[in-house]
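Here is a friendly briefing to read alongside the model. Please keep the viewer open as you go through the points.

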Amino acid sequence: MRLATDRVNPSQTHARHARTAPVMMWILVFALGLALAPHAGAQEPPLKLLLDTDIGADIDDEMTLIYLLNSPEIDLRGVTTVHGNPESRANSAREIIDVMERGGEIPVYAGAAKNLNQQPEMTDASRFIVQSLREANGPRNILVTGGYTNVARAVQEEPDLARNRLETIYLMGFSLATMSTLHNATNDLQATGILLKSGIPLRVLPAEIGWECQMTQEEYDEILASEAPQIAHIRQRMINWVNHVRTRPNTPIPDYLPRPYDTLAAMTIKNPELFQWKRGTIEIVSSGGKITFTEDANGPHEVVVGVDRAKAMALHHKRLLACP
Ligand SMILES: [Ca+2]
């Protein structure tokens with residue numbers, strides 16, 4: 001037997017639908033709006049990045065690692081070290097990662113001590129880079145702030161994988177002011193040639209942008225006076241480096257203060273709007289490292305040709321001095 005209350009009155013049902021339909025419609029419109037609106041209420045995930053560095057010479061590599069670890073929009077997935085004594089450099093990187101309270105999170109691998117000509121075999125660093133590119137959700141961007149040997153060796157080993165998986169390689173090196181390779185690129189011209197011809201998009205921070213951003217005495221003093229633990233860790237190294245460059249026998253720079261070459265290269269990744277760019281193709285045209293740069297709207301190389309120094313250095317100090 002059915003209870004009276006079970007009986008369905010068609011007119012009541014219609015009335016209920018008439019009341020609930022507009023509500024349902026608005027819920028659907030709201031849900032659809034959320035689904036279609038780009039980034040509505042959702043933050044872009046941090047960019048997965050590998051850093052290849054010659055940390056332990058110029059102080060800017062230390063500053064760059066601190067900068068990256070203090071950048072919420074970057075997810076640093078590994079550090080590799082290159083040239084000179086890569087094991088000692090790897091230890092320097094691990095110390096900074098520990099001071100920044102990220103110990104155990106970020107693997108560090110030592111790479112090539114010498115250039116590709118002298119040391120053609122794969123290293124822990126180049127193997128790690130290849131393995132990272134093979135991971136389905138691995139990093140697709142690499143910042144190189146030392147010689148290009150490790151990354152070039154990985155590209156040489158797996159050229160198709162590198163071309164298909166790498167979105168951009170960010171390089172510190174070259175000079176359009178002197179049209180030469182300079183620094184990191186000169187250290188291994190064969191490796192430099194491999195990257196330039198790889199077809200992988202390259203973004204280049206040339207040396208003259210670092211010259212333009214040499215710290216003022218006031219900026220330098222602000223860093224030295226900071227009580228942040230990472231600054232306490234690098235303070236004496238920074239003072240020693242400045243004294244070294246001011247008095248080195250062959251090319252002393254008496255008024256030298258730190259130049260954040262590598263940190264600016266790191267900054268181009270997520271703050272390209274602070275820089276002026278030209279697109280084209282860089283080619284090495286002599287064994288001495290002379291280059292040409294041919295502007296081309298479809299070229300694979302983007303080169304920084306100007307910087308908003310005030311904004312860049314403000315961001316530099318904010319990130320460098322923030323406590324972990
Ligand atoms: Ca460097």
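Leaving out residues up to four places away in sequence, Tyr-261 touches Asp-60, Met-172, Leu-205, Ala-207 and Gly-210, where contact means that two C-beta atoms, placed from the backbone, lie within 7 Å. This is a predicted model, in which local features need pLDDT of at least 70, side-chain atom pairs count only at pLDDT 80 or more, and totals for chains, interfaces and linings use all residues. Residues are numbered from 1 along each chain as its sequence is written.

**Around Tyr-261**

- Tyr-261 belongs to helix 12 (residues 261-270); helices (H or I, at least four residues) and strands (E, at least two) are DSSP runs, numbered from the N terminus.
- Tyr-261 is buried, with 26 other C-beta atoms within 10 Å. A residue is called buried if 20 or more other C-beta atoms lie within 10 Å of its own, exposed if 12 or fewer, and partly exposed in between, with the C-beta atoms placed from the backbone.
- Between Tyr-261 and Asp-58 there are 9.5 Å in space, C-alpha to C-alpha, although the two are 203 residues apart in sequence.

**The protein as a whole**

- The secondary structure comes to 13 helices and nine strands.
- Of the 324 residues, 38% count as buried.
- Among contacts with a separation of 6 or more, 78% are between residues 24 or more positions apart.

- Nine strands make up an open sheet with mixed pairing, in the order 3-2-1-4-5-6-9-7-8; two strands pair if DSSP finds at least two bridges between them.
- Strand 3 and strand 8 (291-295) stand at the edges with a single partner strand each, so one side of each has no neighbour in the sheet.
- On average, neighbouring strands of this sheet are turned by 30 degrees against each other, direction ignored. Here axes are lines fitted to C-alpha atoms, for helices over the stretch in contact, and angles run from 0 to 180 degrees between N-to-C directions.

- Strand 4 (residues 141-144) runs parallel to strand 5, and four bridges join them; Leu-143 stands opposite Tyr-170 in strand 5.
- Strand 5 (residues 168-172) also pairs with strand 6 (residues 202-205) in the parallel sense, over four bridges.
- Across that pairing, Tyr-170 stands opposite Arg-203 and Leu-171 stands opposite Val-204.
- Four of the five residues of strand 5 are buried, which leaves this strand mostly covered.
- In strand 6, Leu-202 and Val-204 point one way while Arg-203 and Leu-205 point the other way, and all are buried.
- In a regular strand the side chains alternate between the two faces of the sheet.
- Strand 6 and strand 9 (residues 301-307) run parallel and are joined by three bridges, with Val-303 as the bridge partner of Val-204.

**Helix 4**

- Within helix 4 (residues 124-134), the buried residues are Ala-125, Ser-126, Phe-128, Ile-129, Ser-132 and Leu-133.
- These residues cover an arc of only 160 degrees around the axis, which puts them on the same side of helix 4; the arc is that of the directions from the helix axis to the C-beta atoms.
- Their cover includes strand 1 (47-53), strand 2 (74-81), strand 3 (108-110), helix 5 (149-157) and helix 6 (159-165).

**Helix 8 and its surroundings**

- Helix 8 (residues 189-196) lies across strand 5, strand 6 and strand 7 (275-284), and runs at about 115 degrees to strand 7.
- Helix 5 packs against helix 8 at an angle of about 55 degrees, with the axes 9 Å apart.
- The contact involves Thr-149, Val-151, Ala-152, Val-155 and Gln-156 of helix 5, and Ala-191, Ile-194 and Leu-195 of helix 8.
- Helix 5 and helix 8 are therefore oblique to each other; angles under 35 degrees count as roughly parallel, over 145 as roughly antiparallel, 65 to 115 as roughly perpendicular and the rest as oblique.

**Asn-187**

- Asn-187 lies in the loop between helix 7 (183-186) and helix 8.
- Asn-187 counts as buried, with 22 C-beta neighbours inside 10 Å.
- Apart from neighbours within four places in sequence, Asn-187 is in contact with His-83, Asn-115 and Gly-147.
- Asn-187 and His-83 are 104 residues apart along the chain, and 8.7 Å separate their C-alpha atoms.
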